[in-house]
Amino acid sequence: MINEELILPIPKSTEFPKINGKFFSQDILSLDQFDPISIDLLFNITVHMGEIARNAKVSNYLAGNIATLLFYEPSTRTRGSFDAATKQLGGQTIVVENPQQFSSVAKGETFGDTIKTFEAYCDLIILRHPEVGAAQKAAKAAEFVPIINAGDGIGEHPTQALLDLYTIFEKKHTLSGKKGLIVGDIKNGRTIHSLLRGLSLFKNNTVYLLSPEQLKLQRPLLEDLSQKGLKIFEISQESEIPRDCDFWYWTRVQKERFQDQAEFERLKHSFIATPQLLQKYGNDEMILMHPLPRVGEISEEVDSDPRAVYLRNQIRNGMYIRMALLGLVLGKIPARL
Ligand code: NCD
């Protein structure tokens, strides 16, 4: 007789260590886990993943793997690209949208039990959740499979930041000595928080943060990033934008994080990227980024400008970077190809 209890997968580490080039079985929770060497390694593989996707090459890197996409908050690109990334590499997905309504969460099941259930069905869980720290909580609850943070409230969104950094790298060939303008909801924008952490890993980077007073970066994060060497200038008017930025990173004011919807209405269009603004404060070599969705803060007239990369490059790069990350975390793609 076989003792079924012995036939369990090998438990994963309970720590959230720095990646240090070793992605296998790692929870991906924060950009703070990364370092320039790991990012370089990920980018090298991402180039190869782009070739697989663009040329419709058959790939079986993830044959036999199943990823669960557990999304407690709405998503278009993050969910779509993780799903596509898994399938591009021959893996399969379980997609659970709105578990609050359509799973036993509606009956009062705990978060820990939900995570333990899905880890029995798959090799990796990709989680989006409205609470800061939910991905850490899930990583503690999951005994056997890694968790990828696909956005935890106003906390972080590491895979978005990795694709954003990749997009900057693709155009500028380095992530050091860069000057960027970040605009919009700096307080609540999780993609911004991860991007800033990412930029702080490299030398001599400067960011200008343009937002209304109410949406400024939270002080503890500002202090932490400054200590890491990121130079941060907070500005409140378009006229303070330096002409020589390498990138502009525009963002949406995060409606769902406001208690006072009247305040949201007042602030939502404080800054709008238009052809006139680009003409006045931009330069020919810069790129204009946005994590999307945009809801009026970048005028559609800008879309045809060759510097606008949000629709052309960032969306695709999101799938390529997620293909690379899945392959590495699941141990199916060697660190050097
Ligand atoms: C972002 C998010 O969910 O944080 N979207 C995305 O994943 N690209 C940005 C946003 O919702 O404003």
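1. A polar contact here is a pair of N or O atoms within 3.5 Å; within protein, one must be able to donate a hydrogen and the other to accept it, and residues adjacent in sequence count only if both atoms are side-chain atoms. For His157, a polar side-chain atom lies 2.8 Å from a ligand oxygen. For Arg128, the distance from a polar side-chain atom to a ligand oxygen is 3.1 Å. The ligand alone exposes 320 Å², and the protein buries 93% of that (Shrake-Rupley areas, 1.4 Å probe; for residues, only the protein chains shown count as cover).

2. The model is predicted: local features need pLDDT of at least 70, side-chain atom pairs count only at pLDDT 80 or more, and totals for chains, interfaces and linings use all residues. Residues are numbered from 1 along each chain as its sequence is written, and side-chain values use heavy atoms, with hydrogens and water left out.

3. The residues around the ligand are Thr78, Arg128, His157, Gln160, Arg190, Thr191, Arg252, Gln254, Pro291, Leu292 and Pro293 (a heavy atom within 4 Å).

4. Arg128 also belongs to strand E3, residues 124-129. Six of the six residues of E3 are buried (under 20% relative accessible area; exposed is over 50%, partly exposed in between; 1.4 Å probe, protein chains only). Leu124, Ile126 and Arg128 point one way, while Ile125, Leu127 and His129 point the other. Helices (H or I, at least four residues) and strands (E, at least two) are DSSP runs, numbered from the N terminus.

5. The sheet is open, with four strands in the order E2-E1-E3-E4 and parallel pairing (at least two DSSP bridges between paired strands). E2 (92-97) and E4 are at the edges with a single partner strand each, so one side of each has no neighbour in the sheet. Neighbouring strands are turned by 10° against each other on average, direction ignored (axes are lines fitted to C-alpha atoms).

6. E1 (residues 66-71) is joined to E3 by five bridges. Thr68 stands opposite Ile125, and Leu70 opposite Leu127. On the E4 side (residues 147-152), there are four bridges to E3. There, His129 has Asp152 as its bridge partner. From E3 the chain passes through helix H5 (residues 134-141) to E4 in a right-handed β-α-β crossover (clockwise from the first strand over the helix to the second, with the strands pointing away from the viewer).

7. Helix H7 (residues 190-199) is largely enclosed by the rest of the structure, because ten of its ten residues are buried. Among them are Arg190 and Thr191, both listed around the ligand.

Definitions and conventions. Axes are lines fitted to C-alpha atoms, for helices over the stretch in contact, and angles run from 0 to 180 degrees between N-to-C directions.
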